[in-house]
Amino acid sequence: MDQEIQLTKQPSQRQQKQELPPEDGTAVQDHTSQDQQQQREQAGGDAGRHHRSKLTVLPLVFLIYFEVAGGPYGSERAVRAAGPLFTLLGFLVFPFLWGVPESLVTAELSAALPGNGGFVRWADRAFGPLAGSLLGTWKYLSCVINIAAYPALVADYLGQVIPAVAGPGRARTGTVVGMTVLLSFVNYTGLSIVGWGAVALGFVSLAPFVLMTGIAMPKMRPRRWAAQVKGRNKDWRLFFNTLFWNLNYWDSASTMAGEVERPERTFPRALAVAVVLIAASYLLPLMAATGATDSPPEAWENGYLADAAGIIGGAWLKYWIEAGAVLSSIGMFEAQLSSGAYQLLGMADLGLLPAVLARRATRFRTPWVAIAASAAVTLAVSFLSFDDVVASANFLYSLGTLLEFAAFLWLRARRPDLKRPYRVPLPLPALAAMCALPSAFLAYVCVVAGWRVFALAGALTALGVGLHGAMKLCRSREWLRFNTAVVAVAAEEDHRGCVSAGAGDRV
């Protein structure tokens, strides 16, 4: 294994004792020349722990819910692209064919390697720092590009009530920028607040769809589900991109594993509940809206679910769903911004990024530098077109998830000694088969991407490789400060694991 990390300067025994990483994955500091600063930060951390609590099952369920879905908002273009029947089949089958395998991988590896950073830790442990850094680049950029779609989605819904927000102009720009800044500040106030806020937003935003489904049941006619797209062929690229965009990011919560109470038990339970909740939150409202109205597929643009609710239940239900769209987008923004920020914190803990990104706020213990950086990147890409955002995020996410599956299988094969408090109860050949189907879909998403998406993904991949090289240079020249203790401990554990595996092979 090419570790690509220079460990020629061995830490002293005093440093080794100070630098051993805590089991919960919180940031460590290795700047022994700044002892007074360490003491102040430690004192602040002790006080801050009173303001921080670990995530339990219910908040984690709704964080996963908002990271993956947030309700059926944004699914309308799947109906426009392929018609109601294929859309219903897609949202019936895909959450289980795609969501279950990725959830199982996430549950096992989050329990085995529970520190912040999630999938970055998995790739780093399996294939070395370059793989961890590259996977982190792909997933992080996918995350922030994806977050950038939510202010635009809010503007689409608000534009139906406030015409000035509907088109390009100062009102729309102010909506996007103001939402990004305000919600980033809320994220700064604590992960526990974000988690329980997600629970409240989830119930409020799902309630109108429950009512719409109940009201629509006597009006539903199955023949309406067979309505065909007229005048053109089905747009399969748009259909699958929309389906995938609405149902990916199952592994995003793993980046916050260091903040979860008993992750070996909490993650499997939360992921199991989230799969069922998310499948129902798409399937039932879409069945109601397509089965109880006569609108053709061509009418299904972003925001049409609110119009369908107005036809089914009246103007009050339409306005509630439009308000729910705003609340849902807030929940998705908060959940995914937390995921991206804690990923940066985890990469800083691993020594893949400068230690400043692991810096936590004294009072709230949130990674404030990582939150600010993520918000800035999100603003920078907030004004891409919706389709470009979806396709670019999907492509980068697909590349990262293929590497993630490879790391999962590699660790099962090469590191059987790794302690796994939760273990997927399947042998290695069955696990390979389990990962094969979603991997085939990921490959399809990459193949059907347009040339602009290919060019953007290639440029961002080159950026990731260059960033890793730049971080190596900065580390070797000591231009920036890095946390090195976790890297050293992980390398030692890998060495012991390889020796143990080699001894077993010889036996």
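This is a predicted model: local features need pLDDT of at least 70, side-chain atom pairs count only at pLDDT 80 or more; totals for chains, interfaces and linings use all residues.
Entry 1: The side chains of Arg77 and Glu301 meet in a salt bridge, with 3.4 Å from N to O. Arg77 belongs to helix 4 (residues 76-82), while Glu301 sits in the loop between helix 13 (263-291) and helix 14 (304-313), so this pair ties together parts that are 224 residues apart in sequence. I also noted that Arg77, Arg80 and Glu301 are linked in a network of salt bridges.

**Entry 2: other salt bridges.** Arg420 forms one with Glu108, and their closest N and O atoms are 3.1 Å apart. This pair links distant parts of the chain, since Arg420 is in the loop between helix 17 (386-414) and helix 18 and Glu108 is in helix 6 (residues 99-112), 312 residues apart. Both Arg420 and Glu108 are buried.

The next pair I looked up was Asp251 with Lys139, a salt bridge in which the closest N and O atoms are 2.3 Å apart. Asp251 lies in the loop between helix 12 and helix 13 and Lys139 in helix 8 (residues 129-158), so parts that are 112 residues apart in sequence are tied together. Asp251 counts as buried at 0% relative accessibility, and Lys139 counts as buried at 3%.

**Entry 3: helix 12.** I checked helix 12 (residues 236-246) and found eight of its eleven residues buried, so this helix is largely enclosed by the rest of the structure. Among the buried residues I listed Leu238, Phe239, Trp245 and Asn246.

Entry 4: Val93 has its place in helix 5 and counts as partly exposed at 38% relative accessibility.

**Entry 5: the chain as a whole.** I noted 20 helices and zero strands in the chain, and that buried residues make up 56% of its 507 residues. The chain exposes about 20,700 Å², of which carbon and sulfur atoms supply 64%.

Conventions
Residues are numbered from 1 along each chain as its sequence is written. Side-chain values use heavy atoms; hydrogens and water are left out. Buried means under 20% relative accessible area, exposed over 50%, partly exposed in between (1.4 Å probe, protein chains only). Helices (H or I, at least four residues) and strands (E, at least two) are DSSP runs, numbered from the N terminus. Accessible areas come from the Shrake-Rupley method with a 1.4 Å probe; for residues, only the protein chains shown count as cover. A salt bridge is a side-chain nitrogen of Lys or Arg within 4 Å of a carboxyl oxygen of Asp or Glu.
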